[in-house]
Amino acid sequence: MRNRSVWRASRRAALAAAVAVAPLASHADEPAPPSEKGGSMDDMPGMPGMNMGGDDEMGMGPMQGMYGPYLMSREASGTSWQPESTPNEGAQVMAGDWMWMFHGIVNGIYDHQGGPRGGTKWFSNSMGMAMGQRPLGPGTLGLRAMLSLDPLMGKRGYPLLLQTGETADGHTPLIDRQHPHDLFMELAATYSQPLSKRDSVFVYFGIPGEPALGPPAFMHRFSGEDNPQAPITHHWLDSTHITYGVATVGIVVDQWKIEGSVFNGREPDQNRWNIDSPKFDSASGRISFNPSANWSLQASYGYLKSPEQLAPATHERRLTLSAIYNLPFGDNNWATTFAWGRKMDDPGQDLNGFLIESAVNLHETHTIFGRIERAEEDELFETPSPLAGRSFTVNELSLGYIYDIPIVEHLKLGFGGVGTLDVLPNALRTPYGGGTPASFMLFMRLKLL
């Protein structure tokens with residue numbers, strides 16, 4: 001089975017061929033580009049992917065990021081960063097001056113959530129994305145699109161204990177369920193202009209898009225993308241990853257990035273097939289720092305005006321901190337994320353959420369992943385329940401495994417499962433049927449990488 005370094009080598013050779021307008025054979029034994037010095041590429045302005053000072057064949061390096069002169073592997077969802085040593089999954093294609101990258105996942109899932117508030121369902125979730133960039137004037141123009149067929153699972157989504165947020169019908173909240181994502185998850189355009197070999201400025205505009213708030217969205221974090229269930233801390237950390245109306249400006253200074261966004265504070269409504277009307281009534285700022293190729297740190301703060309459709313008079317301030325560590329070793333990879341988020345509702349309570357998730361990929365075949373979460377949750381009960389409005393500290397632990405079989409280059413078929421235990425306070429034992437409800441998912445997936 002061809003490992004990731006072989007695929008990267010063939011991509012670089014294909015890129016060199018397209019730019020030189022001459023057929024070249026890929027070199028399977030070409031080493032992956034060094035990443036421990038990560039942080040910049042000695043690129044010519046406006047020429048993505050061209051490394052005139054590198055050691056690669058014909059002076060050609062891997063694909064440059066959309067927002068600055070560094071490797072594209074540093075970029076995650078929206079304008080967020082991840083460690084530069086993160087595997088850069090996606091099939092790359094040259095088309096004239098455009099360099100395109102395609103990536104996607106489709107899961108077929110059997111879901112069983114234990115206890116009286118649980119449930120069972122067969123469903124599919126999915127994500128497909130395309131990113132393209134080309135030189136334009138002194139800088140780089142980028143286009144980003146991400147779509148999902150999640151609306152096919154139905155407006156009520158799938159059973160997931162302790163998950164809350166949004167609504168299925170515009171009248172009642174979803175509790176102990178995860179909502180489906182919208183058909184259009186991202187439709188965005190970007191433009192970046194280099195200031196030097198290490199610095200740049202950029203703009204990002206999306207309808208929908210993702211503002212500068214929180215760590216990369218959970219389905220884009222390498223530590224979490226293999227887990228088919230959404231984190232219960234989603235609304236503490238990255239629930240703004242689908243926002244109908246986002247404008248972001250930022251500056252990259254070597255290993256630092258400072259950015260600010262104005263965006264629509266309201267979460268997507270229950271009509272998952274359409275595009276909601278854009279607004280720009282909320283704001284956020286984020287500072288990111290990649291001290292080395294294996295680390296990515298961020299701190300962000302945002303004000304969200306009326307995020308919940310069912311509580312239009314409630315506004316939210318959100319503070320997040322996260323650290324992502326990635327370690328490639330041989331043809332293996334280990335990724336870990338720690339994140340903390342604090343929701344401060346007005347009117348309402350201040351609530352904290354913590355997440356640690358990790359995934360180890362061995363020989364492109366075996367993936368072991370896990371997640372530990374702790375959240376202060378005040379939306380688990382509706383009136384007239386005497387527990388409505390009360391805050392409860394809940395904990396969730398999950399552990400899973402996937403076995404992957406390559407089908408063709410860039411496409412593999414995986415079979416896996418994940419088990420989950422919820423550790424609950426005494427006050428929740430009766431409604432949830434015990435102190436540690438057990439749940440599981442079995443799934444099959446196709447992954448384009």
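# Briefing: buried pairs, strands and a nonpolar patch

Both Glu166 and Arg272 are buried, where buried means under 20% relative accessible area, exposed means over 50%, and partly exposed lies in between, using a 1.4 Å probe and protein chains only. This is a predicted model, in which local features need pLDDT of at least 70 and side-chain atom pairs count only at pLDDT 80 or more, while totals for chains, interfaces and linings use all residues. Residues are numbered from 1 along each chain as its sequence is written, and side-chain values use heavy atoms, with hydrogens and water left out.

**The chain overall**

- The secondary structure comes to three helices and 19 strands; helices (H or I, at least four residues) and strands (E, at least two) are DSSP runs, numbered from the N terminus.
- Of the 449 residues of the chain, 55% count as buried.
- Contact means heavy atoms within 4.5 Å. Among contacts between residues at least 6 apart in sequence, 63% join residues at least 24 apart.
- The chain exposes about 17200 Å², and carbon and sulfur atoms supply 64% of that area. Accessible areas come from the Shrake-Rupley method with a 1.4 Å probe, and for residues only the protein chains shown count as cover.

**Salt bridges**

- A salt bridge here is a side-chain nitrogen of Lys or Arg within 4 Å of a carboxyl oxygen of Asp or Glu. By this rule the count comes to 20 salt bridges.
- Back to our opening pair: the side chains of Glu166 and Arg272 meet in a salt bridge at 2.7 Å, N to O. This pair links distant parts of the chain, with Glu166 in strand β5 and Arg272 in the loop between β10 and β11 (282–289), 106 residues apart.
- Asp176 and Arg117 also join their side chains in a salt bridge, at 2.8 Å from N to O. Asp176 lies in strand β6 and Arg117 in the loop between β2 (98–113) and β3 (119–136), so the pair ties together parts that are 59 residues apart in sequence.
- Asp176 is buried at 4% relative accessibility, whereas Arg117 is partly exposed at 22%.
- A salt bridge of 3.0 Å, N to O, is formed by the side chains of Glu357 and Arg371. This pair links distant parts of the chain: Glu357 sits in strand β15 (residues 350–362) and Arg371 in strand β16 (residues 366–377), 14 residues apart.
- Glu357 is buried, with a relative accessible area of 1%, and Arg371 is buried at 2% relative accessibility.
- There is also a salt-bridge network to look for, linking Glu89, Glu225, Asp226, Asp404, Lys412, Arg445 and Lys447.

- Strand β5 (residues 158–167) pairs with β6 in the antiparallel sense over four bridges; two strands pair if DSSP finds at least two bridges between them.
- Within this pairing, Pro159 stands opposite Arg177 in β6.
- Five residues lie between the two strands of the hairpin, and Gly170 takes a positive phi near 85°.
- Five of the six residues of strand β6 (residues 173–178) are buried, so this strand is largely enclosed by the rest of the structure.

- Thr320 lies in strand β13 (residues 315–329) and counts as buried at 0% relative accessibility.
- A polar contact is a pair of N or O atoms within 3.5 Å; within protein, one must be able to donate a hydrogen and the other to accept it, and residues adjacent in sequence count only if both atoms are side-chain atoms. The Thr320 side chain makes such contacts with the side chains of Gln298 (3.0 Å) and Ser300 (2.5 Å).
- Not counting residues up to four places away in sequence, Thr320 touches several others, among them Gly214, Trp236, Leu237 and Trp340.
- The C-alpha atoms of Thr320 and Ala339 are separated by 7.3 Å, with the two residues 19 apart along the chain.
- Ser73 is found in the loop between α1 (4–20) and β1 (91–95), and is buried with a relative accessible area of 7%.
- The Ser73 side chain reaches the backbone oxygen of Glu84 at 2.6 Å. Leaving aside neighbours within four places in sequence, Ser73 is in contact with Gln82, Pro83, Glu84, Thr86 and Asn88.

- Leu195, Val201, Ile251, Val253, Trp256, Ile258 and Ile287 make a nonpolar surface patch of about 590 Å². Patches are made of residues with over 30% relative accessible area and no salt bridge, with like charges joined within 9 Å and nonpolar side chains (Val, Leu, Ile, Met, Phe, Trp, Tyr) within 5 Å.
- Strands β9 (246–253) and β10 (256–263) each supply at least two residues of the nonpolar patch.
- Ile251 is found in strand β9 and counts as partly exposed at 33% relative accessibility.
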